[in-house]
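Welcome! Take a moment to turn the model around on your screen, and then let us walk through it together.

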Amino acid sequence: MKTKELVYAALFAALIAVLGLIPPVPLGFIPVPVTAQTLGVMLAGSFLGRRMGALSLIIFIILVAIGLPVLSGGRGGLAVLVGPTAGYIFSWPVAAGLIGWYAEKIWPKARTWKLIAVNLAFGVILVNLIGASIMAWITNTSVWAGLAGATAFLPGDLIKAVIAAVITMQLRAVSPIEEQAQG
């Protein structure tokens, strides 16, 4: 891995931490708040591609694990990684990797609607399926109850999927994926 790739991954880990400064919105009926950090997950995959996108989220999870308060609401530490939000957090590198894989495949003919679709599939549906299922297991509730509660995230996640796709298309010329396509 090149130094430039590590810098990109570290920058996106930092971006996701900055998105954590936006206060979380607690829902009350589900122990996982609405945050802006999934926007960073979708951006990492769409803009960086599969390897660097996933790496940026692995770096981010390491920062959480060592106790840095980089999650929304100033949370961090190992307790967060075994609590109700664990499934969501651990799904992020997978989501970024899959979004990045698809972005790389379609890059020469990428369109905003295609990136929105992949962000919805992997950044919204996959993250919520994994996150809600593990949350239900950890909180000893039914998976269906967890999935039903996670539907509260869908309106905001849809907006984040659109924002990530639009930003990626606007910055397409400076994306590492563009460099790979030309190189």
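## An enclosed helix

Helix α2 is largely enclosed by the rest of the structure, because 12 of its 12 residues are buried. This is a predicted model, so please read what follows with that in mind. The buried residues run from Gln37, Thr38 and Leu39 through Gly40, Val41, Met42, Leu43, Ala44, Gly45, Ser46 and Phe47 to Leu48. What covers them? The cover includes α1, α3, α4, α5, α7 and α8.

From its first C-alpha to its last, α2 reaches 16 Å, close to the 16 Å expected at 1.5 Å a residue. After the helix comes glycine 49, with a positive phi near 95 degrees.

## Helix α1 and its cover

Next, look at α1, which spans residues 3-19. This helix has 17 residues, and its end-to-end C-alpha reach of 24 Å is close to the 24 Å expected at 1.5 Å a residue.

Which residues of α1 are buried? They are Glu5, Tyr8, Ala9, Phe12, Ala13, Ile16, Ala17 and Leu19. An α-helix has 3.6 residues a turn, so residues three or four places apart point the same way.

In soluble globular proteins, nonpolar side chains tend to be buried together. Here the largest nonpolar core holds 50 residues, and Phe60, Tyr88 and Trp92 touch the most other members. Two or more residues each come from α1, α2, α3, α4, α5, α6 and α7, with α4 giving the largest share, 8 residues.

Setting aside residues up to four places away in sequence, tryptophan 92 touches Gln37, Thr38, Val41, Leu57, Phe60, Leu71 and Val127.

## The largest pocket

Rolling a probe the size of a water molecule over the atoms shows where empty space is left. The largest pocket has a volume of about 220 Å³. Among the 19 residues that line this pocket, Val32, Pro33, Thr35, Thr38 and Trp92 are the closest to its centre.

Which helices supply at least two residues each to the lining? They are α2 (37-48), α4 (86-106), α5 (112-139) and α7 (154-170). By type, the lining divides into 10 nonpolar, 6 polar and 3 charged residues.

Start with serine 56, which sits in helix α3. Is serine 56 buried or exposed? Serine 56 counts as buried because its relative accessibility is 0%, under the 20% cut-off. Beyond its neighbours up to four places away in sequence, serine 56 touches Ala9, Phe12, Ala13, Ala44 and Leu48.

Glycine 73 lies in the loop between α3 and α4. With a relative accessible area of 53%, glycine 73 is exposed, because the cut-off is over 50%. Leaving aside neighbours within four places in sequence, glycine 73 is in contact with Gly20 and Pro24. Isoleucine 125 is 52 residues away from glycine 73 in sequence, and their C-alpha atoms are 24 Å apart in space. Finally, alanine 145 belongs to helix α6 and is partly exposed, with a relative accessible area of 44%. Alanine 145 and threonine 3 are 142 residues apart along the chain, and 45 Å separates their C-alpha atoms.

Terms used
Residues numbered from 1 in each chain as written. Predicted model: local features only at pLDDT ≥ 70, side-chain atom pairs only at ≥ 80, totals over all residues. Heavy atoms only, no water. 1 Å grid on protein atoms, 1.4 Å probe; cavity = no way out; pocket = protein on both sides within 12 Å on 5 of 7 lines; lining within 4 Å. Points joined across faces, edges and corners; volume = space filled by probe spheres on them. Helix = DSSP H or I, 4+ residues; strand = E, 2+ residues; numbered from the N terminus. Nonpolar A, V, L, I, M, F, W, Y, C, P; charged D, E, K, R; others polar. Core = buried A, V, L, I, M, F, W, Y, C linked by side-chain atoms within 4.5 Å. Buried < 20%, exposed > 50% of the residue type's maximum accessible area, 1.4 Å probe, protein only. Contact = heavy atoms within 4.5 Å. Expected span 1.5 Å × (residues − 1).
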